[in-house]
Amino acid sequence: MSAFNKRRRLGAAIVAVATLALWGIIGVLDASLRSSRYFSGWLLLMLVVALALFNVRKKIPFLPLGNATAWMEFHAYAGIFCVLAFFAHAGLDSLHGSLDWSLALLFTGVSASGFAGLLLTRVLPRRLSNRGEAILFERIPTLRVALQREVEDLVVKSASSVNTTTIAEFYTARLADYFRKPHNLMFHWVDSSRPFRELERELFALDRYSNDEERQVLKQIHSIMLEKEDLDYRWAQGIALKGWLFAHVPLTYAFGVVVAAHVLLVLGFDGRVG
């Protein structure tokens, strides 16, 4: 068994034991006619603070606070336990007023985006590693422009050398927009190349109307198309890997603000504030 699988099993076991302990403590408190809401509420607050420390750790990587992988795994398993603790603390029947519903909806958004990010960071890097040599996400637009210029030069030269406009017309109608920007984002997310295969078939259909020189040009265009498709695939995976944070981080900050308001309100009603 790999070290990763061992850590995963250990993390799942810790979450399971902690959940059973939580439900046991809540049962004891309720049976003794003491409110379990304060216990589960303060536990949730500590969990939220602990989860927020992961973002702090990322901002100060130079401090000896453990490696990023360990922090990421802690963040994931603590997040799972946090979801279970939230349901123990606040079921749907206990939501009253706009503040409670705002808290519940924001927590749902933070949790959903977090689990989506966990899935994406597990699946997409493996996909990208299967594509061969890594390409920096920031370099992809520059490489795409270079391919666009290369294929345009090829089309112009072919039009002047073979004295026909078949390839040029096909490029204008079907390939110009394809090389201008990323395409088929959602298809790449589900690992499908269907739109590209359709475009390929259209290009191959020109072969029957072409002479030998034009066929060589078509082969070169197809080779460049394959490079462009690879860039689009990498771009799509990169957008997904970076994009989920644009939902998770703002929702987390908004959730933190509402949590602070919730705590102050609870303490105020309890007579501990003011």
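Contact here means heavy atoms within 4.5 Å. The exercises below concern a predicted model.

**Exercise 1.** State which elements the chain contains and what share of its residues is buried.

*Solution.* The chain holds 10 helices and 0 strands. Of its 274 residues, 34% are buried. Among contacts with a separation of 6 or more, 79% join residues 24 or more positions apart.

**Exercise 2.** Determine how helix 6 is oriented relative to helix 9, and identify the residues that meet.

*Solution.* Step 1: helix 6 spans residues 166–180 and helix 9 spans residues 212–243; they pack at an angle of about 5°, with axes 12 Å apart. Step 2: angles under 35 degrees count as roughly parallel, so helix 6 is roughly parallel to helix 9. Step 3: from helix 6, the residues T166, I167, L175, Y178 and F179 meet E214, V217, L218, I221, I224, M225, K228, E229 and D232 of helix 9. Step 4: sorted by class, this contact comprises 9 nonpolar, 1 polar and 4 charged residues.

**Exercise 3.** Carry out the corresponding analysis for helix 6 and helix 8, including the handedness of the crossing.

*Solution.* Step 1: helix 8 covers residues 194–205 and packs with helix 6 at an angle of about 155°, the axes being 12 Å apart. Step 2: angles over 145 degrees count as roughly antiparallel, so helix 6 is roughly antiparallel to helix 8. Step 3: the crossing of these two helices is left-handed. Step 4: F170, R174, L175 and Y178 in helix 6 meet F196, L199, E202 and L203 in helix 8. Step 5: the classes in this contact are 6 nonpolar, no polar and 2 charged residues.

Definitions and conventions: Residues are numbered from 1 along each chain as its sequence is written. This is a predicted model: local features need pLDDT of at least 70, side-chain atom pairs count only at pLDDT 80 or more; totals for chains, interfaces and linings use all residues. Side-chain values use heavy atoms; hydrogens and water are left out. Axes are lines fitted to C-alpha atoms, for helices over the stretch in contact, and angles run from 0 to 180 degrees between N-to-C directions. Helices (H or I, at least four residues) and strands (E, at least two) are DSSP runs, numbered from the N terminus. Angles under 35 degrees count as roughly parallel, over 145 as roughly antiparallel, 65 to 115 as roughly perpendicular and the rest as oblique. Ala, Val, Leu, Ile, Met, Phe, Trp, Tyr, Cys and Pro count as nonpolar, Asp, Glu, Lys and Arg as charged, and the others, Gly among them, as polar. Buried means under 20% relative accessible area, exposed over 50%, partly exposed in between (1.4 Å probe, protein chains only). A crossing is left-handed if the near helix is turned anticlockwise from the far one by less than a right angle, and right-handed if clockwise.
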